[in-house]
Amino acid sequence: MLDVTQTPLKALLKRRRPGYCLEAPFYTSPEIFAADMETIFQRHWIFVAVEADVPEPGDSTVVDIGGTSVVIVRDDDMNVVAFHNVCRHRGARLVHDYKTSVGNLVCRYHAWTYGLDGQLLYAEHMGDHFDTACHGLKKVHIRSLEGLLFLCLADEPPADFDVMADLMTPYLAPHDLRNTKVAFEMDIIEPGNWKLTMENNRECYHCAGNHPELTVPLFAEGFGFAPEQLDEAGRQQAERYACLVNDNHGAWEASGFPSRCLEHLDDMVTGFRTERLPLDGDAESHTLDTKAACRKLLGRFNDPKSGALHFWTQPNSWHHFMADHAVTFAVFPIDAEHSLLRTKWLVHKDAVEGVDYDVENLKAVWVATNDQDSTLVGYCQTGARSPAYEPGPYSPHTEMLVDKFCNWYVGRMTDAHGA
Amino acid sequence: MLDVTQTPLKALLKRRRPGYCLEAPFYTSPEIFAADMETIFQRHWIFVAVEADVPEPGDSTVVDIGGTSVVIVRDDDMNVVAFHNVCRHRGARLVHDYKTSVGNLVCRYHAWTYGLDGQLLYAEHMGDHFDTACHGLKKVHIRSLEGLLFLCLADEPPADFDVMADLMTPYLAPHDLRNTKVAFEMDIIEPGNWKLTMENNRECYHCAGNHPELTVPLFAEGFGFAPEQLDEAGRQQAERYACLVNDNHGAWEASGFPSRCLEHLDDMVTGFRTERLPLDGDAESHTLDTKAACRKLLGRFNDPKSGALHFWTQPNSWHHFMADHAVTFAVFPIDAEHSLLRTKWLVHKDAVEGVDYDVENLKAVWVATNDQDSTLVGYCQTGARSPAYEPGPYSPHTEMLVDKFCNWYVGRMTDAHGA
Amino acid sequence: MLDVTQTPLKALLKRRRPGYCLEAPFYTSPEIFAADMETIFQRHWIFVAVEADVPEPGDSTVVDIGGTSVVIVRDDDMNVVAFHNVCRHRGARLVHDYKTSVGNLVCRYHAWTYGLDGQLLYAEHMGDHFDTACHGLKKVHIRSLEGLLFLCLADEPPADFDVMADLMTPYLAPHDLRNTKVAFEMDIIEPGNWKLTMENNRECYHCAGNHPELTVPLFAEGFGFAPEQLDEAGRQQAERYACLVNDNHGAWEASGFPSRCLEHLDDMVTGFRTERLPLDGDAESHTLDTKAACRKLLGRFNDPKSGALHFWTQPNSWHHFMADHAVTFAVFPIDAEHSLLRTKWLVHKDAVEGVDYDVENLKAVWVATNDQDSTLVGYCQTGARSPAYEPGPYSPHTEMLVDKFCNWYVGRMTDAHGA
């Protein structure tokens, strides 16, 4: 109705300035949000769940990526499979519970009945000319990376998932996630665009001032720093930290725990980064008292003090794996200004609540940290709404991974929307 | 901002495949919703109320069709008239109560005062040059079909209302709706597009699995079936049912109660269908115990066991008339994904609550059934949001009327929007 | 998606009929709302606060004009300054409390620290190449008109603020607003477009029927009337009122209180109107008992019965100044159909609550009146949603200022959007 000159997405992508934040429409525009959902979330590998969500045959869990609902099921052969959660008759949503256990998948509307392989087994009243074989559930690509479940909604998923899988498997295998259980999980709605949630995750410049619980077992030097601004004492600390990391990497790798940094955040379609890092002092885990939260250790670990393996993926997840427990985070965009953050705490499947671990203790650090991060994300979202907002510079010493997230995003969008 | 290729309405209408559901944008697109409101709800006869809503001179009721608010009034000559509910001065809404009783129609803002004929009687401070004759309320076309009130917001309403009225009057007259009262009414917001609410109404394929209260007095055979899939016992039952319906029609018509099916669902602009059908066993009415809910019978009925006359209209209503009471349903679209369903239970105007009828008993079946249907409509709406949604086939034996609803809709839209 | 022919803004502006309400899209269209925010609220002087909101150095208050958040601060030299409330690093909102007191302006995200002059004082980890001088807060134009604070978000604000200031200063000075305090303030969300809130303020045609509390100390004749429709008694009353106003103006001006009407509502970019008017009978103030609400009088007043100075500004404020207290009103648009109305009651800064004034008594009239007005604005908003809405005529005797508000609005919009 009104002839407002708006910058097209293509131009916004083209003029993005490396080392700087994105322009405001990337955080506020419903049109760019729709493009994000179509280009990023419908065509890339999205971390959505863990195998521990569906431990037994017939166990199912529903995940929603935008309007696309997917039901993940463990079939009778213990394979994890995924289908579009839409009946092929009148299009009704098929499975309504977040987690449940089923024999077949039966639509509640007219009782169309599908097997765990997605085949339509039964549909009443459809007459002789109706072919059940043409009306099975639509399959969704799903991959398990050592128990971490990734979906891809595209017909042809990015092929380099295999590259990531090959590189990551040795890092993840010692934690044996397939033999864990979900001890606790929590969804929160952050009041910001999904990219702000991701950017917030990709730096710890903000940690010292905002995350008192999280930072206890962390080395301040690990967050990055401007070397030219250190005094003599600071320089010595930074050197000691670098040596410590290097020594730990050596010792861990000798014990069969791959640890050194792998970084492909903006040079792969399926971008990721990993590194095992030491914790400060006597710290064993991400808990308020820095001690292991679970007495029964994961997989091949027998020393609770084994540092923390970190795994970041584009576009929507991060994970921390300690010797005693793991925490996984998945971001699901809701609209241009809201995102769902789903956090799961995993312990050994045979660990007993109240005996081996206490849920309150297990979850305390990240419940607090998520809440703090959600507030910060909201600050950025309200800031981006202002016509006075202008992309600022990233710290070259503490915000490199944020920059790489933006590089990846701009690259993937440019690939789809224009040169 | 973004160059997303979207299918135009005209193309969507053109490629609609008969016998199949509509494509997703018909249920989710705000633009198509706006087109529905303009093309379907602003230009066709819409069932909105009953004469029993405004029994006495000065009684008024307000109905909102999208943003268009209409006040229906019974004037001093007992005529039912309708006006746009907007003051001609500053455009304030004029009548705010759903039902009230008025002498004149007085705007609360500056006290402009209109008679029950819509003429502006009084406006202060407007000076000598102001002509009250030019500032009367705008009239809305209204028709009463034996007490059922239909509005048309167009300047020139579809002429075939008279055809429907001529055909339907003998069916409705025995129930004498003008001498009923509204014993109970209820609004619910269904979480779905108005067409999903209508489609759900147009088949009983879903009844067996979802409506335990409704199906007690109904013959399962009446919902339709695939004859080739019946076994011998089923075939015999279906034949017995067909004979029963035919016998009842003959007996009822001989007694002056027209009963045989009239169907003009997709071959008239003012589409409709009617039929009087028997109830199973000793059933008299749509109640939990299948007995008449009201001791005082309607109109010319003296046998409570007289079956149920059904009346369906395009685009937004259905009705069930028993010997003892009637239930009317009107659908008012709210937005692309929400619809208001207004249900009214009518009994003889002289029936006494607590003596002749009990409201809880009267309303029980349809309160439960509406709630179940609302859930099902929501399942379809969430399903339609998925990019994986694909129109499925209608059962040729149980979903013919859903198909005809879609035929009518696509025909009316095509008539307005495309070649 | 759908080819709906909509009237462009330019055409709507061009065909606006003087003496009549605006067409419906001006009240309902999100696109025109966006144009209003850009053209009216981003480029004109907007009344937002009073100096009494930030009495001491370091005191700050945040005001939001659409998505634009501004922090107003009193600096150490007692100047009132204003900055965009957005950090120059990652764009986070900087100040979150409506009112607070600060030493520096510190972003909670990464602790970037700005002085009260907006200069970036400190940013960690940014390296040697980072220039703090280029990353100060962006300034916003702010002017105090005798303690009333106006912002302009444009780079080059309308120059005629000075004309208004020169004309208004003598009227306002006697009330000495710089030595007041905010005794009470209240925000309400009105369910209507900001222009309906403004139009409602610009006439008292609706007062007799809707504002029993407000009208007690007001002369009915002051609301305007059609002279040709008065009877002999009415004519005499009107003449007496005109003489009373004239006599009062003379007496007040002789005592140093400018009083006569100044009106530049539609012939200046920074449109305004003022007049000091007598109150009826023994009335001293806008209170339920018409007596002064505060024993300690404002500024140069020593007679509580000194009438009421009114000050209306385009596009978003009005004010009533009595001898004992003042009330200021600012309208902040929220979306096309909602507006925030912020009301502040000011008394002498040395007045003591419970001794010199009672807050309940002070605020009673306008709390009630605002609530009544909000309801009326809602009536107009729902009316404007109807396709049957048609702009009606303004009373030439009581709605001239509404017409001038529309003239000003249409003029300013035409200046920006079309010929």
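Contact here means heavy atoms within 4.5 Å. This is a predicted model, in which local features need pLDDT of at least 70 and side-chain atom pairs count only at pLDDT 80 or more, while totals for chains, interfaces and linings use all residues. Side-chain values use heavy atoms, leaving out hydrogens and water, residues are numbered from 1 along each chain as its sequence is written, and chains are lettered from A in the order in which they are written.

**View 1. Where chain A meets chain B.** In this view, 37 residues of chain A are in contact with 35 residues of chain B. Together the two chains bury about 3000 Å², 57% of it on carbon and sulfur atoms; buried area is the accessible area (1.4 Å probe) that two parts lose on being put together, summed over both. Look for A:Arg90, A:Tyr109 and A:His125, which supply 27% of the area that chain A buries against chain B, more than any other three residues.

**View 2. A salt bridge between chains A and B.** A:Arg90 pairs with B:Glu399, and their closest N and O atoms are 2.6 Å apart. The interface of chain A and chain B has 4 salt bridges (a side-chain nitrogen of Lys or Arg within 4 Å of a carboxyl oxygen of Asp or Glu). By class, the side of chain A that touches chain B has 13 nonpolar, 16 polar and 8 charged residues; Ala, Val, Leu, Ile, Met, Phe, Trp, Tyr, Cys and Pro count as nonpolar, Asp, Glu, Lys and Arg as charged, and the others, Gly among them, as polar.

**View 3. The two domains of chain A.** Domain 1 spans 46-145 and domain 2 spans 160-417, with bounds from an automatic or database domain assignment. Their centres, taken over C-alpha atoms, lie 32 Å apart. The domains bury about 1600 Å² between them, 61% of it on carbon and sulfur atoms. On the domain 1 side, A:Phe47, A:Arg143 and A:Leu145 lose the most area to domain 2, together 44% of what that side buries.

**View 4. The surroundings of C:Glu213.** At 22% relative accessibility, C:Glu213 counts as partly exposed (between buried, under 20%, and exposed, over 50%, with a 1.4 Å probe and protein chains only). Leaving aside neighbours within four places in sequence, C:Glu213 is in contact with C:Leu288, C:Val365, C:Ala368 and C:Gln372.
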